[in-house]
Amino acid sequence: MENKTRDSWIHLAQDAKRNAYIPYSHFPVGACLVTKDGQTFTGCNIENASFGLTNCAERTAIFKAVSDGAKEFQYLVIVGDTEGPISPCGACRQVVAEFCDQDMPVLLVGKDSEMKETTVSELLPYMFTSKDFND
Ligand code: THU
């Protein structure tokens, strides 16, 4: 994919970050999930007074996409104001692994646009999937 295309996905994630509902952590995160046919779904983190009910940015993007009928994804961008590239939480890694191919690239972006491109399986090695009980 062209750098210009990737930059536009980063910008969408950065825009979504501005909508973060973060009265408790004050730590905004944005995400942009791209379907194989180029549709984009963005998300931000949405916190709750009952902290455990917080929804992370990448899960918001995934749930928006899936609830709109999207099933096949090619790229995920996650943006946060971290020193280095942001590190997604374990719960999100599991949810990403549910819906995205193991070799799908995931771009992690920190403040000052420091970034690292990784993959779903690098983020969650030896992952638990439906193959573990369906085969
Ligand atoms: N958070 C995300 O939205 N995504 C990540 O990848 C890391 C953590 C959120 C959850 C919570 O609202 C805040 O960041 C602090 O943990």
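Student: What makes serine 113 partly exposed?

Tutor: Its relative accessible area is 38%. Buried means under 20%, exposed means over 50%, and partly exposed is in between, with a 1.4 Å probe and protein chains only. Since 38% falls between those limits, serine 113 is partly exposed. Before we go on: this is a predicted model, where local features need pLDDT of at least 70 and side-chain atom pairs count only at pLDDT 80 or more, while totals for chains, interfaces and linings use all residues. Residues are numbered from 1 along each chain as its sequence is written, and side-chain values use heavy atoms, leaving out hydrogens and water.

Student: Where does serine 113 lie, and what is its phi near?

Tutor: Serine 113 lies in the loop between β4 (105-109) and β5 (115-119); helices (H or I, at least four residues) and strands (E, at least two) are DSSP runs, numbered from the N terminus. Its phi is near 55°, a positive value in a residue other than glycine. Most residues other than glycine have a negative phi. Tyrosine 126 likewise has a positive phi, near 55°, and is found in the loop between α4 (120-123) and α5 (131-134).

Student: Why does tyrosine 126 count as exposed?

Tutor: Its relative accessibility is 88%, so it passes the over-50% limit and counts as exposed. Isoleucine 78 sits at the other end of the scale: at 2% it is under 20%, and therefore buried. That isoleucine lies in strand β3, and its C-alpha is 17 Å from that of lysine 4, which is 74 residues away in sequence.

Student: How do you know that the side chains of lysine 17 and aspartate 81 meet in a salt bridge?

Tutor: The N to O distance is 3.0 Å, and a salt bridge needs a side-chain nitrogen of Lys or Arg within 4 Å of a carboxyl oxygen of Asp or Glu. A value of 3.0 Å is within 4 Å, so the pair qualifies. This pair links distant parts of the chain, 64 residues apart: lysine 17 is in helix α1 (residues 3-17), and aspartate 81 is in the loop between β3 and α3. Lysine 17 is buried because its relative accessible area is 16%, whereas aspartate 81, at 36%, is partly exposed.

Student: How many salt bridges does a search of the whole structure find?

Tutor: Four. Among them is the pair of glutamate 83 and lysine 111, with an N to O distance of 2.8 Å. It also joins distant parts of the chain, 28 residues apart, with glutamate 83 in the loop between β3 and α3 and lysine 111 in the loop between β4 and β5. Glutamate 83 counts as exposed because its relative accessibility is 59%, and lysine 111 is partly exposed at 31%. Another is formed by arginine 18 and aspartate 15, at 3.0 Å; arginine 18 is exposed at 66%, and aspartate 15 is partly exposed at 39%.

Student: Which residues line the largest pocket?

Tutor: They are Ala97, Glu98, Phe99, Cys100, Asp101, Gln102, Met127, Thr129, Ser130 and Lys131. On a 1 Å grid over the protein atoms alone, a pocket is an open set of points where a 1.4 Å probe fits, with protein on both sides within 12 Å along at least five of seven lines; lining residues have an atom within 4 Å of a point. The volume, about 160 Å³, is the space filled by probe spheres set on the points, which are joined across faces, edges and corners. Helix α3 (residues 90-99) gives the largest share of the lining, three residues.

Student: What makes up the lining of the largest pocket by class?

Tutor: There are four nonpolar, three polar and three charged residues. Ala, Val, Leu, Ile, Met, Phe, Trp, Tyr, Cys and Pro count as nonpolar, Asp, Glu, Lys and Arg as charged, and the others, Gly among them, as polar.

Student: Why does phenylalanine 51 count as exposed?

Tutor: At 59% relative accessibility, it is over the 50% limit, so it counts as exposed. Phenylalanine 51 lies in the loop between β2 (40-44) and α2 (57-67). Alanine 49 is in the loop between β2 and α2 as well, and it too counts as exposed, at 59%.
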